[in-house]
Amino acid sequence: MDGDDDDLFRCAVCGISEGDSSNFTQSNLQTNAAVGCGHQFCMPCVERELSRRKIFNCPICETPVKRVTLSTRSLDDIICEKDTSWRRRVMKVYNKVQSDFHTLIEYNNYLEEVEDIIWAIVNEEPNAEEMKDKIKKYELQHKAEIATRQSQRADEDRSIADRIAAEQRDAERRKREFLEEEKIIAAAKRRFKQESLQVSLGEREEVSKELLDAQKTGYRNEILKIQRNKKAQSEKYNQQGSNVRPPPGGYKNDIKMDRALYLKRQAAGGGIPSGSLLSHEKNWDLTVSTLFSRN
C-alpha cells in the first residue's frame with residue numbers, strides 16, 4: 001500500500017521525484033487528470049513520449065495520457081472541483097426538500113438517487129451520459145416545479161440575508177454604544193484625577209460629589225445621565241418639530257386676495273401660471289406688438 005502511494009509522487013516512466021538530487025532540470029511533475037489514473041509524469045518524459053505519438057499509456061495503470069489531461073494540480077483537487085461543479089448543477093434541478101415527501105424514507109431515497117447521478121458523472125462511469133440525459137429529461141418534465149422551488153429558495157435566502165444584516169447592524173450598534181460608554185468613563189476618570197490633583201495642591205477644597213458618586217458606582221451613573229440628556233433632547237426636538245423660523249406675523253393659511261396683492265404677485269411673475277392659456281396669450285400679444293410696432 002505504501003509503495004502504491006509513493007508511486008503517485010514519482011514519475012510513472014522514469015521514477016524521479018521533484019525532491020530527488022538526480023532531478024537536474026528541477027522540472028515539476030504533471031498529474032494525469034484522467035479518472036482512474038492520477039499518476040504523475042516529469043516534463044522530459046512527457047515531451048519525449050508525446051513527440052513520438054499523440055497519446056501514450058500510463059506504464060502503471062494503462063490509462064491513456066494526453067496533453068490536455070495533464071495538470072500541475074493533484075487528482076484529488078481536480079475531482080473535488082469537478083464534484084463541486086456538477087453537484088451545483090444537479091442540485092439546481094433536483095431541488096426538492098423534505099416537506100415535498102410524505103415519509104422520510106422517500107426523501108432519503110430521493111437524496112440517494114441524486115448522489116448516484118453525481119457519482120456517475122464525476123467519476124465518468126459507463127452510465128455517465130445516461131445520467132446527463134436523465135437530468136435534461138427531468139428538467140424538461142418538471143420545469144414549472146423547479147422554477148417555483150427556486151423562487152421559494154431565493155425568498156428564504158433573502159430572508160436569511162436580511163436577518164444576518166439586522167444582526168450585524170445590531171452588533172455594530174452595541175459596539176458603538178460600548179465605545180461611547182468607554183469614552184464617557186475615561187473622561188470621568190480624567191476629571192476625577194484632575195480634581196484630586198487640584199485638591200492635593202490646595203486649589204480645590206474637595207472633589208465634586210458627582211464624581212465621587214460616579215466612582216462608587218463604577219461611573220455608570222455618568223453614562224445614564226448622558227443617555228437621559230440625549231433622550232430628553234430627542235423628545236424635545238420631536239415635539240417641537242423642525243427649527244424653521246416663522247415669517248414676521250406668523251403663518252397665514254387663509255390670505256384674502258385683493259388687487260394690490262394681485263398686482264404685486266403679477267409683477268413678481270406669479271400673477272399668471274406659466275402653463276395656462278392666459279400665459280400663452282400674453283406672450284403672443286407681446287410678440288405681435290413687437291413685430292408690428294410703429295417707430
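At what angle do the axes of helix 4 and helix 5 cross? Hold that for a moment, and start with what we are looking at.

This is a predicted model, where local features need pLDDT of at least 70 and side-chain atom pairs count only at pLDDT 80 or more, while totals for chains, interfaces and linings use all residues. Residues are numbered from 1 along each chain as its sequence is written, and side-chain values use heavy atoms, with hydrogens and water left out.

First, the overview. The protein has ten helices and five strands. Helices here are DSSP runs of H or I with at least four residues, strands are runs of E with at least two, and both are numbered from the N terminus. Of the 295 residues, 23% are buried. Buried means under 20% relative accessible area, exposed means over 50%, and partly exposed lies in between, using a 1.4 Å probe and protein chains only. Now contacts, meaning heavy atoms within 4.5 Å. Take those with a separation of 6 or more: 46% of them are between residues 24 or more positions apart.

Three strands form an open sheet in the order 2-1-5, with antiparallel pairing. Strand 2 and strand 5 are the edge strands, each pairing on one side only. Two strands count as paired if DSSP finds at least two bridges between them. Strand 1, residues 29–32, has three bridges to strand 2, residues 40–42. Strand 1 has two bridges to strand 5, residues 70–71.

Some partners by name. Leucine 29 stands opposite cysteine 42 in strand 2. Glutamine 30 stands opposite phenylalanine 41, also in strand 2. Threonine 31 has serine 71 of strand 5 as its bridge partner.

Is strand 1 buried or exposed on its two faces? Both faces are covered: Leu29 and Thr31 on one side, Gln30 and Asn32 on the other, all buried. In a regular strand, side chains alternate between the two faces of the sheet.

Stay with glutamine 30. Its relative accessible area is 13%, so it counts as buried. Beyond its neighbours within four places in sequence, glutamine 30 touches His39, Gln40, Phe41, Met43, Leu70, Ser71 and Thr72.

Helix 2, residues 43–52, lies across strand 1, strand 2 and strand 5, at about 85 degrees to strand 2. Axes are lines fitted to C-alpha atoms, for helices over the stretch in contact, and angles run from 0 to 180 degrees between N-to-C directions.

Back to the opening question. Helix 4, residues 104–122, and helix 5, residues 128–141, have axes that come within 8 Å and cross at roughly 130 degrees. That makes helix 4 oblique to helix 5. The cut-offs: under 35 degrees is roughly parallel, over 145 roughly antiparallel, 65 to 115 roughly perpendicular, and the rest oblique.

Who meets whom? In helix 4, Tyr110, Glu113, Ile117, Ala120 and Ile121 meet Ala128, Met131, Lys132, Lys134, Ile135 and Tyr138 in helix 5. By class, that contact has eight nonpolar, no polar and three charged residues. Nonpolar covers Ala, Val, Leu, Ile, Met, Phe, Trp, Tyr, Cys and Pro; charged covers Asp, Glu, Lys and Arg; the others, Gly among them, are polar.

Last stop, helix 6, residues 143–200. Helix 5 and helix 6 pack at about 80 degrees, with axes 5 Å apart. They are therefore roughly perpendicular to each other. Tyr138, Glu139, Leu140 and Gln141 of helix 5 make this contact with Lys143, Ile146 and Arg149 of helix 6. By class, the contact of helix 5 with helix 6 has three nonpolar, one polar and three charged residues.
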